[in-house]
Every structure is written in C-alpha cells, then in structure tokens.
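Work through the exercises below with the sequence and the structure open. Try each task before reading its solution.

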Amino acid sequence: MATIEISRLVKRYGNTAVVHGIDLAIQDGEFVVLVGPSGCGKSTTLRMIAGLEEISEGQIRIDGRVVNDLQPRDRNIAMVFQNYAIYPHVTVADNIAFGLYRSKLSKSEKRARVEQVAETLGLSQLLERRPSALSGGQRQRVAIGRAMVRDPSAFLFDEPLSNLDAQLRTQMRIEIKRLHHRLGATSVFVTHDQVEAMTMADRIVVMREGRILQVGSPLELYEKPVDVFTARFIGSPTMNLLPASLRDGRAQLSVGGSIQAPSSLATTSDILVGARPQDLSPVDAGSSGLTVSGTVAVLETLGSETLVHIEADGQTIIGSAPGRQIPKIGEPLTLHAPAERLYYFDKATEKALAIQ
Amino acid sequence: MTAAVSSQGRAMSSVKPGRIVAWTLLFIGGVIMVTPLLFMLSTSLKDASQVYDLRIIPAVPTLDNYWEILSDGRFTRWFVNSMVVAIIVTISNVFFDSLVGYTLAKFRFRGRYIVFIAILSTLMIPTEMLVLPWYLMASQFGWLDSYWGIMFPGMMTAFGTFLMKQFFEGVPDDFLEAARIDGLNEFTIWWKIALPLVTPALSALAIFTFLGNWTAFFWPLIVTTSADLYTLPVGLSSFAVEQSVQWEKIMTGASIATLPTLIIFLFLQRYIVRGVMLAGLKG
C-alpha cells in the first residue's frame, strides 16, 4: 500500500505537450478514477505512474520515493490493461505466476500463492486452461490475479472494462470494488465512462486536454461541477443547459419564461442555466423554480422512470416522468425543476457561477 | 425420386464453367510438376542399360542403385554435410532474424529506419553478384573449403528479418508492457512472451530456410573443393562429371535427397500453407 504524489507532471511528444503540469496527491488505500474523453491525457498519466512512459518534466513519488528514473519493475506497482494482456500461450496458472517472476519464493510457495489468488477470484477450476478457453470476464479476472499475486503497493487499471459487454462490465465493476475494499490497496483507475467513475471512485479526477479540471468525490462532482464540461460529463443523461440573459435580477430564458436568479449572479448578463434530467419532472414544484414547456418528441421508457425529450424553441430538453405517468408523443408538456436544483454557468467562460 | 432428380439437377448446374477451366489448369499443372518426379523415381529403379528406355515403369526394376549409393561412403557423408549445414543455418536464422526483427518492430531508437532500409535493400542484390565478394571474404579469412565457409552467407537473411519484423509488429505492446511491469528483462520478454506469439511465422521461416539450404547448390559448389565437404546437391552433380553421366546414380541420389523435403512437407504442410499465406498477406 502506498501514497502516490504527482507534482507538475508534464509529458511532451516532440514539441507537443499532452499533459500540462498536473498535480495530484493520492492517499494510501484510496480508489482514484481518472476520467475524461479520449486524448485527455489520462492514460498517459497512468503510464507515467507505471513507468511505461518517460516523464518530460515534474515528479512522481510512490510512498515518498521519487520514481522518475525507476524501471516499471522497480516501482512495485501492478497494472491491468484494456485488452487484458494475458499471454495466450501459457495456462491460467502460469499467467498468474508471471506476476511473481521476480519473487524469491520457492516453487511450491509460488504455487500456493497462485492458488490462493485463484480462489479469491473464483478461478480455481480454470488454472490449467489456456486463455483461449476463457470468457472475457474470466480473462479479465486472470489479469487482475496476475496483478494481485505480487501484493503490489498500488494497482493501476487502464480502461480494464471497456472490452466487456454491458452486463459483465457491471459485474466486474462490483467485483473490483469489492476486491479493493478487501485488499485496501491504493488504486488508480482510468476510464472514459462516467458511470464507471461515479460507481467506483472514492475520488474522481476529471481531465481534459492534458489538464485536471476538477477533483472530488462522485457526489461533489455531481452537485458542484466547476464548469460546463464537468457538469455535462458527469451524470446521465447529460445536464440540460438553457441560455438565458440576466435582467433586473431575473434570468430570462431563451426558451421562454424567467426565473429568480441568485443574487450572486449580478455581474454577468449572458448565462447558462443547468438542470439535470432527473430534477426536471412534470410535477409542479412551485413558482420559484424553473418551468419549461414544449412538445414531447421522444420517450425512453426505463421502467422505474421515463425519460421525456421535449422540443422547446428549437432546443431539446430532457426531463423524467415517474414510471407509470407516461406522456404521449406530440403532446404539449410542462416540466418543472426546483430552484435549489439548478446550476448557473457563465456563457462566455463556461465556468460555474453560483451553486444553489 | 423427384427429390433425387432435383438435387442431382442442382448439383449439375452448380458446376460452373470457370471451375472446369480451373480444374483443367490445375490438372495440367499437377502433371507438369509430378512427371519429372516420377521419371526420377523410375530411372532410379533401372540399371545403366535401361536408362534411355523411357518407360515410366521399368522393364526390369532393380534396387541395386540404392544399395550401391548407400554403401558408397561419399553419399552418406554428403547427406550428413547437407543435414548439418541446413540445420545450423536454420537455427541461426530463426534466432537472429527474429531477434533483429523484434528489435526493429518494437523499439524506437535513432537510426532505426535507416537500419531497416539497409537490411531491406540487400534483398534487391542478386546472389550471383554477391558470390564474388563472399568468395574473396572467405578466402581472406581462410574459410574456403570449410563448413563455416558454406554457412556464413546464410546465417542471417534480410528476408527472414523483414518477415519477422512484420509479424512482431502484430504483437500488441500491452503484452510486452505487462511483462515489463512483472519484472522480466528485455531479452526474456522476447524469448518468453514475444517469440511464442509468432510461432506460425517462425515455423514458416524455419521450413523455408531448411529447404533452401538443403537444395543449395551454387555457393557450396564454389566454396568447397574437397569431396568430403560437398553438400548433397554438389556431390550428386559430381556423378555427372567424373566419368560419363551416370543418370541412374544421380536419380537415385536425388530420390533419397527428396525424402527429408517430403517428410517436412507431410508433417508441416499446415504451417507451410499458413506461412505462404501470411508471407503473402504481410510481405
């Protein structure tokens, strides 16, 4: 187990910088998820922690020790790759045992360790099989086994679930989370999937274009996004953003109607009002909140609720209706969101203005 | 009954004219390929007086040629020479070509591209042009008329390096990186992880190299002078110059020489076909 400290980390390929001096401190035993769209530098950062990419500038410390110039094998970290990277020409047992390649344990001790890990991951029956005879989920478990067997100070995961189908992904998500609870090992997990980030992380690091936008617990990010990007990236379906202009302390929405703006917004005139689809419902929330009317265009029935897409003044707004109150397509519908559930952003800078 | 008729009708109509042309061409090709082999085998079963009797099935078949050749110490010696040369050159090729191919495919270093182009460009120089420099080199180092003299030009080949490089490029970097994290050193990664992943290419390379060296004639003929060091093809050709041309002996020797090739094809034809396909696709 270990802490990981990253300071002023830069990665350049030739003259192009892909990571622009990021700082991050990961606590012992913490599960941190780096999330962002492809090309945001999250994988590069992870690979620099692993030692698979050279560091152009800055410093990485694992357990207080600067590891910049250490080989991957000398960092005592384990990594799980997107395509599992388990070797097709050896058995499951041998694959897991590769994790102990440098260990000085005797052959029988190694075997015992491999069996113990296999037991933990439910692979005991498969030890003599070749990877080609395993399902995707089992392969990923073998990869995790190879990482676990060494008892590393930190686990690094590089999009390990993106090759699995939806159901298996959910299952593996829970398994990894459970494993983390049991082992308590520091983990850094890279994904582009915000659901994975939300469900697994102790803390989420949102990255974009080689910079860290926001670091916080899943709920912090959901409740208090610092900008439009994070607001739209976290939460599904994405947050509705309605352009508005401030006049006499009220925000006049371009889709019609107005709301009482918080007093802290006085300085800016053009703003975006954000409302999450889960907060926008046909239930009247009183006059102080947001009210939008439009025509129902699309319905997505999920069972517990129905996502309603309404068209208002050329803009599509997504709201949600309780499970059994399903509107009809083409009908007019009015959606309400309570005032305390709204988000405000500066239209020009896209930064958050005030969070109710 | 009606079903039988209709299914037969369908079978008839499914033979397209294109197929008939293809089969005919393949048949002609097959005959052209097989006839010399049959003729070789047939001649080896004739005595000297029947050699110019062109019947495929000998009037009086005899195994005397085989007894004579196999009891002649020279032939066994040449056979062993060929075997030694082909095996050593094959092992060396498989080792060095794949090592260099791997390095060129998986490591980024300054001058990598130039090295690759330099190796590739040697593919464009015909053997006939290289023989003179090889000979001068061999003579300068005192390698003439020795095993090493026969083997050295083929210990590593540009084609093999190129083939292996192409294949190693298909090995995902994740495998190598996972191994790096597990603590394997670079040589062990190549040996234990990368190499087993390209076995089809390796076996194809091994088969081609072995066959190429087994049948090599031109260079061994030039570099060897003592009969003890002849390889099989060179030795066999000497039957043609010593006295008169002893066709029955040459054909007997050739028939025996075909055996290893035949065995390799029988056991490894799966790999050969795959190797040819892969080489075609990738190369």
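**Exercise 1.** Find how many residues of domain 1 of chain B are in contact with domain 2 of chain B, and sort them by class.

Solution. This is a predicted model. Start with the bounds: the domain assignment of chain B places domain 1 at 2–62 and domain 2 at 72–282. Next, take the centres over C-alpha atoms; 33 Å separate those of the two domains of chain B. Now apply the contact cut-off, C-beta atoms within 7 Å. Eight residues of domain 1 of chain B then meet six residues of domain 2 of chain B. Sorted by class, the side belonging to domain 1 of chain B has four nonpolar, two polar and two charged residues.

**Exercise 2.** Describe the side of chain B that touches chain A.

Solution. Count the contacts: 13 residues of chain B face 16 residues of chain A. Then look for helices: α9 (173–182) and α10 (186–197) of chain B supply at least two residues each. The largest share, seven residues, belongs to α9(B). Finally, divide this side of chain B by class: eight nonpolar, one polar and four charged residues.

**Exercise 3.** Locate the largest nonpolar core and examine A:V188, one of its residues.

Solution. The largest nonpolar core has 103 residues, and A:V188 is among those with the most contacts inside it, along with A:V33, A:M79, A:L156 and A:V205. Helix α11 (residues 199–214) of chain B gives the most to this core, nine residues. Now leave aside neighbours of A:V188 within four places in sequence; its contacts include A:I4, A:I26, A:L46 and A:L156. A second, separate core has 30 residues, among them A:V228 and A:L272.

Conventions:
Residues are numbered from 1 along each chain as its sequence is written. Chains are lettered from A and ligands numbered from 1 in the order in which they are written. This is a predicted model: local features need pLDDT of at least 70, side-chain atom pairs count only at pLDDT 80 or more; totals for chains, interfaces and linings use all residues. A nonpolar core is a set of buried Ala, Val, Leu, Ile, Met, Phe, Trp, Tyr and Cys residues joined through C-beta atoms within 7 Å. A residue is buried if 20 or more other C-beta atoms lie within 10 Å of its own, exposed if 12 or fewer, and partly exposed in between; C-beta atoms are placed from the backbone. Helices (H or I, at least four residues) and strands (E, at least two) are DSSP runs, numbered from the N terminus. Two residues are in contact if their C-beta atoms, placed from the backbone, lie within 7 Å. Ala, Val, Leu, Ile, Met, Phe, Trp, Tyr, Cys and Pro count as nonpolar, Asp, Glu, Lys and Arg as charged, and the others, Gly among them, as polar. Domain bounds come from an automatic or database domain assignment.
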